[in-house]
Amino acid sequence: MIPTITAFESSPDRGKGQARDMRVRWALEEVGQPYDVRLVSFSEMKQGAHRALHPFGQIPTYEEGDLALFESGAIVFHIAQRHAGLLPDDAIARARAITWMFAALSTVEPPIVEFGTARLFESDKPWSAQRMPLLEERVRDRLGELSRRLGNADWIDGAFSAGDLLMVTVLRRLNASGILSEYPNLSAYVARGEARPAFKRAFDAQLAVFAAASNP
C-alpha cells in the first residue's frame, strides 16, 4: 500500500526544505517506500477535512489504509518501525536511537524555532534588541552540548538512524542565521546528512513543488 502525505501547496520556505514534510519525505526515501503527496493550501489546512487528519491544522499528515497520523516525529517513528534502515536491530542501540529522536524534537528544536520566529517576525518589536541575545544564548547552549556529544563521530550514536535524520532537519533551520558555522563538527554533520542520496531525492521532490507553484 502506498502512503499519502500532505505538504504545502505553496511552501513559505520557498523550496529550502525547512517545512516538516521534508522529514517524512526523507524517511520514506531512506527506506525505499514509494509515496504520494497531496498538496494543501493554507485555507484548506484550516478546514474540517484536513483537521480530521491533523487537529491543529498543520502539515504533514500521513495516510496508509485506515491509519492516519500527524506530527512529523510520530510519522518518522512509524516509518522507522515498519521498515528496515532507520533503527538498529539491537534492542539497546534501537532504544538509544529513539532517545535521540525525542532529543532532536523536544530538546534541540524548541530554542531554534523560538529564535527563528523572533528573528523573522519580531525583529521590529521594541523589546527585540533585549530578547534576541537571550534566544541566541539558548541556541548556542544546546549546540555546544550537542557538539561536545558528537565530537569527531560521523553520526550521533553509531550508525545513521532516524535520530540523525530528525536532528539534521532541526539543525538545518539555522542555515540562514550563520550560527551553525560556529560549530564545525555540527556543520559537517549536517552536510553529511544532506549528502545522502535519500535526502537529495526528498529535497528535489519538495523543491519541484515550489518551482511548479512559482511558474504556473
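Two strands are taken to pair if DSSP finds at least two bridges between them. Helices (H or I, at least four residues) and strands (E, at least two) are DSSP runs, numbered from the N terminus. The structure is a predicted model, in which local features need pLDDT of at least 70 and side-chain atom pairs count only at pLDDT 80 or more, while totals for chains, interfaces and linings use all residues. Residues are numbered from 1 along each chain as its sequence is written, and side-chain values use heavy atoms, with hydrogens and water left out.

Strand β1 (residues 4-8) and β2 run parallel and are joined by five bridges. The sheet to which they belong is open and has four strands in the order β2-β1-β3-β4, with mixed pairing. The edges are taken by β2 (36-40) and β4 (67-70), each of which has a single partner strand, so one side of each is left without a neighbour in the sheet. From one strand to the next, the twist averages 25°. Helix α1 lies across β1, β2 and β3 (61-64) and runs at about 145° to β1; axes are lines fitted to C-alpha atoms, for helices over the stretch in contact, and angles run from 0 to 180 degrees between N-to-C directions.

Strand β3 contains E64. This residue is buried, with a relative accessible area of 12%, where buried means under 20% relative accessible area, exposed over 50%, and partly exposed in between (1.4 Å probe, protein chains only). Leaving aside residues up to four places away in sequence, E64 touches M1, P3, H78 and R82, a contact being heavy atoms within 4.5 Å.

P60, in the loop between α3 (48-51) and β3, is joined to I59 by a cis peptide bond with omega of about 5°. In the loop between β1 and α1 lies R14, whose phi is near 60°, a positive value in a residue other than glycine. R14 counts as exposed, at 57% relative accessibility. E71, in the loop between β4 and α4, likewise has a positive phi, near 75°, and is not glycine. With a relative accessible area of 39%, E71 is partly exposed.

Helix α7 (residues 162-171) is largely enclosed by the rest of the structure, because ten of its ten residues are buried. Among these buried residues are A162, G163, L165, L166, T169 and V170. Their cover includes α1 (21-31), α4 (72-82), α5 (91-121), α6 (128-150) and α8 (184-195). At the start of α7, a side-chain oxygen of S161 comes to within 3.0 Å of the backbone nitrogen of G163.

The packing of α7 against α8 has an angle of about 115°, and the two axes are 9 Å apart. Helix α7 is therefore roughly perpendicular to α8, a class that covers 65 to 115 degrees, whereas angles under 35 degrees count as roughly parallel, over 145 as roughly antiparallel and the rest as oblique. On the side of α7, the contact is made by D164, M167, V168 and L171, and on the side of α8 by Y189, V190 and G193. An α-helix has 3.6 residues a turn, so residues three or four places apart point the same way.

Methods
Polar contact = N/O pair within 3.5 Å; in protein donor to acceptor, adjacent residues only side chain to side chain.
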